[in-house]
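Have your viewer open and your selection tool ready. We will go from stop to stop, with a short note on what to look at in each place.

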Amino acid sequence: MGEMALRHPRSFVFGPFLLIPERQLLMRGDAQVRIGGRALDILTALVERPGQLVGKRELVARVWPNTVVEDANLKVNMVALRRALGDEPGAVQYIATVVGRGYRFVAPVQALESAGFSIQGGTASTQLHNLPSGTTRIVGRSDAINAIRQDLKEARLVSIVGPGGVGKTTVALAVAERAVGSFRDGVWLVDLALLKDPDLVPNAIATTIGVVAHLPNMLGELSEFLRKREMLLILDSSEHVIDVTAACVSVFLAEAAGVKILVTSREPLLVYGERVRRLPGLGTPPPAAHLNAEETLAFPAIELFVDRATDRNESFKLSDADAPAVAEICRRLDGLALAIALAATRLEAFGVSGLLKQLDDRFRLLIGRRAGPERHRTLAATLDWSYGLLSPEEAALMRAVAVFAGAFDVDGASAVAGVASPDAGDILVQLAEKSLLAADLDADSVAYRLPDTTRAYCLERLQAGGADQAVRRRHAEHVCTVLEQAASEWAQRPAREWGNAYGRLLDDLRGALTYAGRDAADGPLRIRLTVAGILLWNHFALTAECRAHVSQAIAGLDAAGLAGTAFEMRLQLWLGDATTFTRGPLVEAMDALRKALDIAARIGDADSHIRCLRLIGVHELFRGENDAAIRTLEAFVATAAARVPSAVVEAETALGIGELLVGRLQSARRRLERHHELELHAANDFQSVQYHLKNLSDRINDAGNVLSHVLWLTGSPDASLRTTEATIKHALDARHHVSLTNALSWGCPVAYWTGRYEACTRYAAMLDEEARRHGFAVRRPVALFYRAAIGCAQEKFPALWVDELQRNIEAFHTTGHLVRMPFYLGVLAESLVKCGRLGDAETTIHAALERAAAKNEQWCIPELLRIQASVLAAQGQAGKAESRLLDALARAREIDALSWSLRAASDLAQLWRAQSRERDALEILQPVYSQFTEGFETRDLAVAAGLMASLQGQAGA
């Protein structure tokens, strides 16, 4: 082990601060300072070399390794860092700027070894939350924060009520920060400001806390999820969706006892149990007071003004002469925190007296022109005034970026404003410094966001200026371009990382589609947006939403002049894929896939050609058309090898499914073990991946799913269980619901075969929930079938479970999902024997064998013959039963299905023991058992071991 690995982690002390880099922790006394991780990295780089110049390029390389970032990243994080360290106006300066070169840490620093160092009450929390990093000091709200914290101890619903701009969100976030770690399931901020449709309030809450479901009764699903959770929800800016928010909160209070709710709004919810905390403006000196600077600073509004003014100009200091004018400015602004912060950023341009005059003039112009409460008019006046002080370039960019539904980056601002990216970056930094934009400092590329009040104001200005349509078109084109870039990265990045990077575009995609759908002339843009958005909708399992847009796009192909093009090919391809995997392998799904294949062949699109072959082959497998599927999948492998070599792994994995079903088990095992290992290797080497039909997480799951069945069939039960558990865990970690339903569908039979009934029940319940929540109708019968199968296996009188087995077999026929149908019929036949319904059992097992032969479904024929023998034995036909068991053994050997051999040998041994042929029984069972090298705790091997012990005892006697 190297020297660095043996060293204790270091910490640094300067002024009242303690920095522990290894723990990403900055303390001021006993309190943790919340600040973004990038800003902490910058601070670490500076304190490691106190007094030395650290260049800008060096800082960027240190903080953003292997990432290309704009200068704005460094500037904005440095602003946040200085705010975090500069706790008081006129306090000690820690970081000096060397113009054009870099920065120098100028305060004394003491380096310590951190081993054994203990911090009381200030450790970084590992609890779940989505709270933004704190970048500004909160002024004048300590009493309100403490009171609301106490309210939350005594009540489950607290509403912070006050006018726009008073600081409700700031206070709510401060309360939430102090609650992190106190709730088992986290603290979650739900920003309702962006919602246009009140009915989407439950969806917004669900998306924030990780409930992905898309049902008509979203509130019911959300309530069910919250029932056993302990969390704090912050529903921010709810006034424009107040009725639906109140309805949601009422349900949560009634049904989710562990959930507490903090609401910010301009009015109370008027819900039973609500505790209302009205937030007034920050305190200002009375008009008649004659106070000096020190006395004036005792009022929170003045303190905030000076704090924000100092952010802009470190040399500013409130003088006795200026104190009355500053007090008057804060009174005119009614103590509204946002208005005061905006005003303070303009102090450098006008001075105190000039600032008061400018503000006074602006108010006079507004008299009689605006309606509404005085405080709201005050904020509007401040926005008018601040906006009027912007340069034309700053104002134009502010108007343009208002079209973003949420966060945006420099490239996005550049695109919608129509200015060069470096210029946009500089303007964004200036606007952030003026507190007109908020910056997310934890992203590799700084993300900006307009406060909701400012955004609404800028949208009005954009529309009034007549540039609304042009900006919205640029926005739609930008969203389309970014999503097309996202598609090129999709196969190379881990699913969660990809989703985190592009998930914020969902609302922008919706807004862009709304714009493009207003004018028929924009039909081509709407179709292009739809195609670009398919992967995003698919990633977040928004199948119903995607289907609606895809259907509209297909209907508009002729009018847009895009019929028969690559756009139609991609739309039809998705429609066929989604229909197959959600509703079943229906005729319309195959029609869509055939159309896509024809276009792909005609335009020479090799990637889409093989994608179509894969999906057509899977469709045929689902239908139980195994021979046709094998031919299609072999064509898939050959075409991939000739035209798209990097897709061969997926092609052979798909062919492995076909081989499994037709009984080529050893070939399938070799193929799948090799390719599963390759995919796991690729998971650690994303740069090596060039092209794939599916995301890496999906590919790992596909190979693992099929391999788990082949491993069990060929005599490796433990390896099968491990593979199943790993595949399901991988799907859960990736948070991709299609992959999870697939993994659970394959996992249920493995748990059932190995006798892990508890695990099988759990998998079936998970599968049923996923299928129900996300509209995967084709998967629900699988979950319900295995639930019934376990009931039949465990119950002495399984008649009710047998009826459920029959209903689910009918459901498979309804969806056209006929793969494994012979096996399902075999399970039903065995259960019918247990119920004494021997005639029905005989009919059912005959139907199973006939279908297996007709569809070449060889993998389960040995098991079907074994079950047929049990029917014959129950009918008293021992000779025929023995013959069928010998046939089962022979067929199992032919396809190398060692686990089926063991079952058949065990049944034959029991039959011969009943005939006092103990030695023959032992000789048929022991050689099969001895071929196993693992799985001795699984059901079949345990049964066989017990049977052999009994036979050996009887033979010895």
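A crossing is called left-handed if the near helix is turned anticlockwise from the far one by less than a right angle, and right-handed if clockwise. Before using that, note that this is a predicted model, where local features need pLDDT of at least 70, side-chain atom pairs count only at pLDDT 80 or more, and totals for chains, interfaces and linings use all residues. Residues are numbered from 1 along each chain as its sequence is written, and side-chain values use heavy atoms, with hydrogens and water left out.

**The helix pair.** Select residues 780–794, helix α36, and then 799–815, helix α37. Helices here are DSSP runs of H or I with at least four residues, and strands are runs of E with at least two, numbered from the N terminus. The two axes (lines fitted to C-alpha atoms over the stretch in contact, with angles from 0 to 180 degrees between N-to-C directions) come within 9 Å and cross at roughly 155°. The crossing is left-handed. Now show side chains: the contact (heavy atoms within 4.5 Å) includes L784 and F785 of α36, and W801 and L805 of α37.

**Two loop residues.** Move on to R820, in the loop between α37 and α38 (821–834). Its phi is near 70°, a positive value in a residue other than glycine. Is R820 buried or exposed? At 12% relative accessibility, R820 is buried (under 20% relative accessible area; exposed is over 50%, partly exposed in between, with a 1.4 Å probe and protein chains only). Finish at L270, between β12 (259–265) and β13 (274–278): phi is near 65°, again positive, but L270 is exposed at 75%.
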